[in-house]
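Work through the exercises below with the sequence and the 3D structure open beside you. Each task is followed by a solution that goes step by step.

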Amino acid sequence: MTEIQKVELEIVKFMRGKYRLDEVAGMFYDVPCVKFRQGKKTIVSINLHEDHYDFQIILGKAEREKFEAIKHEFPKEIQELY
């Protein structure tokens, strides 16, 4: 098992152990992904590249407002994304 496969296994074990979410396989543009959903709302999407993963955490309106209030506390690389 490669290191990236071990990481994938640990991520899925963590998500299944901590949360009760539906797992939906799909595509994000041309990249395979796994979406963890609660009802029709996607909570997190993991894009599965060959050599790395991209995590997309989906924030609701209240969460976005909280993040905007503390955004300055995050590293510049994260601040620049938003």
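**Exercise 1. Salt bridges**

How many salt bridges does the count come to?

The model is predicted, so that local features need pLDDT of at least 70 and side-chain atom pairs count only at pLDDT 80 or more, while totals for chains, interfaces and linings use all residues. Residues are numbered from 1 along each chain as its sequence is written, and side-chain values use heavy atoms, with hydrogens and water left out.

Step 1. Begin with the rule: a salt bridge is a side-chain nitrogen of Lys or Arg within 4 Å of a carboxyl oxygen of Asp or Glu. By this rule the count comes to four salt bridges. Side chains of opposite charge can pair when their charged atoms come close.

Step 2. Look at Lys6 and Glu3, whose closest N and O atoms are 3.4 Å apart in a salt bridge. Both residues lie in helix α1, three residues apart, about one turn of the helix; helices here are DSSP runs (H or I, at least four residues), strands are DSSP runs too (E, at least two), and the numbering starts from the N terminus.

Step 3. Compare the accessibility of the two partners, where buried means under 20% relative accessible area, exposed over 50%, and partly exposed in between (1.4 Å probe, protein chains only). Lys6 counts as partly exposed because its relative accessibility is 38%, whereas Glu3, at 57%, counts as exposed.

Step 4. Turn to Glu10 and Lys13, a salt bridge in which the closest N and O atoms are 3.3 Å apart. These two residues are separated by about one helical turn, because they are three residues apart in helix α1. Glu10 has a relative accessible area of 43% and is therefore partly exposed.

Step 5. Finish with Arg16 and Glu23, whose side chains meet in a salt bridge at 2.7 Å, N to O. Arg16 is exposed, with a relative accessible area of 54%, while Glu23 is partly exposed at 36%.

**Exercise 2. Asn47**

Is Asn47 buried or exposed?

Step 1. Find Asn47 in strand β3.

Step 2. Apply the cut-offs: Asn47 counts as buried because its relative accessibility is 2%.

Step 3. List what surrounds Asn47, taking a contact as heavy atoms within 4.5 Å. Not counting residues up to four places away in sequence, Asn47 touches Phe28, Val31, Pro32, Cys33, His52, Tyr53, Asp54 and Gln56.

**Exercise 3. Distances in sequence and in space**

How many residues apart in sequence are Glu8 and His52, and what is their C-alpha to C-alpha distance in space?

Step 1. Locate Glu8 in helix α1, where Glu8 is partly exposed, with a relative accessible area of 33%.

Step 2. Glu8 and His52 are 44 residues apart in sequence, and their C-alpha atoms are 9.8 Å apart in space. Leaving aside neighbours within four places in sequence, Glu8 is in contact with Leu48 and Tyr53.

Step 3. Glu77 and Gly39 are 38 residues apart in sequence, and 32 Å lies between their C-alpha atoms.

**Exercise 4. The chain and its largest pocket**

Which element gives the most residues to the lining of the largest pocket?

Step 1. Take the overall plan first: the protein chain has three helices and four strands, and along the sequence they follow the pattern α-β-β-β-β-α-α. Buried residues make up 18% of the 82 residues in the chain.

Step 2. The largest pocket holds about 380 Å³ of space. On a 1 Å grid over the protein atoms alone, a pocket is an open set of points where a 1.4 Å probe fits, with protein on both sides within 12 Å along at least five of seven lines, and lining residues have an atom within 4 Å of a point.

Step 3. The lining of this pocket comprises 17 residues, of which Thr42, Ile43, Val44, Ile57 and Ile58 are the closest to its centre. The elements that give two or more residues to the lining are α1 (3-18), β3 (41-48) and β4 (53-57), and β3 gives the most, with five residues.

Note on methods:
Grid points are joined across faces, edges and corners, and a volume is the space filled by probe spheres set on the points. Contact means heavy atoms within 4.5 Å.
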